[in-house]
Amino acid sequence: MAELGNPRETIKILQKHEFHFRKKFGQNFLIDPHVLDKIIDAADVGPDDFVLEIGPGIGTMTQYLCERADRVLAVEIDAKLIPILQETLAGYDNVEIIHGDILKQDIWQIADRYNGGKPVKVVANLPYYITTPILMELFESRVPLANVTVMVQKEVAERMQAEPGTKDYGALSLAIQYYAIPYLAANVPPNCFMPRPNVGSAVVRLDCRDRAPVEVADEKLMFRLIRASFNQRRKTLQNGIGNGGLGFSKEEAAHAIEAVGLPTDIRGEKLGLKEFAALADELMMLHRAP
């Protein structure tokens with residue numbers, strides 16, 4: 001069986017199947033065994049674990065997962081990779097391959113069928129353009145998750161960990177930190193991939209929270225406020241809310257901002273989850289008031 005962490009074996013299997021990389025799927029295959037080991041270690045995969053792998057490619061990381069995990073389910077969107085996966089994973093009896101878009105899969109059903117509803121570990125080398133939609137789908141669906149270990153663009157990893165008031169801080173920082181605790185496991189240079197991307201990458205483990213770090217009456221309203229405040233980052237929070245299509249006037253925004261103890265000229269980039277939650281609750285009460 002080909003050890004796909006070896007670049008020569010990767011080239012050989014790609015040539016055998018006459019596979020051509022397709023930009024629309026953002027395909028960059030890992031060719032560094034040390035990085036593969038770091039990902040598996042970061043995900044803390046053990047013999048009792050069920051792992052959902054998103055975007056297995058030619059099965060490079062899948063082979064490593066199969067060696068460590070009890071069961072692996074690999075979901076691949078590119079039909080041309082399915083016969084390659086069937087070949088490269090033929091030596092393992094603890095893996096199943098699904099051809100499909102992870103955003104169209106019933107992940108609750110997957111967790112129930114393959115893991116008896118217990119928390120799932122997710123491992124993914126995600127196309128950078130779709131990283132955020134996939135992570136948000138996983139978190140917002142409330143599927144039982146233990147952790148999510150992903151390869152992402154380095155600047156995305158920095159945004160996930162960013163603190164209020166820093167240049168990398170934004171809506172993604174708040175969303176990730178609401179659902180999980182992010183840890184940077186490794187930086188990965190472009191030469192670890194085939195083809196080489198134009199940017200550096202990073203492995204991030206997201207330890208999923210048992211409960212949210214803040215209480216808020218309307219979670220969706222809170223995230224609408226967050227998006228509105230960062231859509232107009234240079235404007236004050238009051239203007240962001242008043243012009244954000246949320247149904248609140250600037251006067252209501254100013255009243256709510258003052259009510260939670262913040263200056264009316266503050267920008268959204270200075271607020272943490274606690275302040276956004278308090279603001280959402282205050283605005284909701286304003287609209288309920290007679």
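Trainee: How many helices and strands does the protein chain have?
Mentor: The protein chain has 12 helices and 9 strands, taken as DSSP runs numbered from the N terminus (H or I, at least four residues, for helices; E, at least two, for strands). This is a predicted model, where local features need pLDDT of at least 70, side-chain atom pairs count only at pLDDT 80 or more, and totals for chains, interfaces and linings use all residues. Residues are numbered from 1 along each chain as its sequence is written, and side-chain values use heavy atoms, with hydrogens and water left out.

Trainee: OK, and what share of the residues is buried?
Mentor: 52% of the 290 residues count as buried, meaning under 20% relative accessible area, with exposed over 50% and partly exposed in between (1.4 Å probe, protein chains only).

Trainee: Switching topic: where does Glutamate 18 sit?
Mentor: Glutamate 18 is in the loop between helix H1 (7-16) and strand S1 (29-30). Its phi is positive, about 50 degrees, although it is not a glycine.

Trainee: Is Glutamate 18 buried or exposed?
Mentor: Exposed, with a relative accessible area of 64%.

Trainee: What about Aspartate 44, what is its phi?
Mentor: Aspartate 44 has a positive phi of about 55 degrees, and it isn't a glycine either. Aspartate 44 lies in the loop between helix H2 (33-43) and strand S2 (50-54).

Trainee: Which residues does the cis peptide bond join?
Mentor: Methionine 194 and proline 195, with omega about -10 degrees. Proline 195 is in the loop between strand S8 (193-194) and strand S9 (201-208).
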